[in-house]
Amino acid sequence: MTSRAEQRDATRAQIVDSAVESLIEVGVAATTTLEVQRRAGVSRGALLHHFPTREDLFGAAIGLLVARNERAVREELAAARPDGDPLSRSLRVLRSVMCGPSFGAEMELWAVARTNARLRDVLRRAEGAARRDLYRVVDEVMGPELTSAAAYPVIAELTVQLLRGMAISDVLYREDTDRDALLERWGEIVRPLLTGSPGFPAVAGPQEGRLTEGATHGSRVTSNRPAPGASTASTS
């Protein structure tokens, strides 16, 4: 017989899954608690027991969106041609996932958080573990040949920021040819820094000058991004 705790966990998972489906299909504005309740087929009391506010629900949804993104990355990587340049292949895989619906829903939540202080606080807590998971996946996609370079940590940071910017631009402008050309150019710029080709300036190593989302006014701060190969177990 299913225990009460297992039933609670199943109900919670059902609610979060319904919230994610709603976020992807109809967006943040239309993903009300009533809409999630309808999709999940649960009582109002059950929903409020697990998630007293809409913001709490969105914070939980981030974890599932990240898990979906990770699954999509692995599927894209498995489908990619194993031959050719590993950097180009990695950039194409990451680009494909970051213009997908799950990632778009995550970015939409970020945008709404700009004017919603409570949502911003909830998302910042939820994104702590999500950020570690994101960079762990990026490291796995890039592979040891690239992650072993001293310049890799800052390049990984900048690559993620570039891909996020492209994903936001895709909302209005979806010219894949232009995006592909930009991504190819980025690969040309960073390839010598990752492969140790001569003639390029030194780049800060793993413990120096990492850029983070918390940097302001052009300042450089130390990132909390885990080094490649470090433990990334979620704390939430």
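Helices here are DSSP runs of H or I with at least four residues, numbered from the N terminus. The model is predicted, so local features need pLDDT of at least 70 and side-chain atom pairs count only at pLDDT 80 or more, while totals for chains, interfaces and linings use all residues. Residues are numbered from 1 along each chain as its sequence is written, and side-chain values use heavy atoms, with hydrogens and water left out.

View 1. At its start, a side-chain oxygen of Asn116 lies within 3.2 Å of the backbone nitrogen of Arg118. After the helix comes Gly143, which has a positive phi, near 85°.

**View 2. The kink in helix 7.** The kink is about 40° and is centred on Glu127, the bend at a residue being the angle between axes fitted to the seven residues ending there and the seven starting there.

**View 3. The crossing of helix 1 (residues 4-26) and helix 4 (residues 54-79).** Their axes, which are lines fitted to C-alpha atoms over the stretch in contact, with angles from 0 to 180 degrees between N-to-C directions, come within 9 Å and cross at roughly 75°. Residues in contact (heavy atoms within 4.5 Å) include Ile15 and Leu23 of helix 1 and Phe58 and Leu64 of helix 4.

Definitions and conventions. Helix = DSSP H or I, 4+ residues; strand = E, 2+ residues; numbered from the N terminus. Polar contact = N/O pair within 3.5 Å; in protein donor to acceptor, adjacent residues only side chain to side chain.
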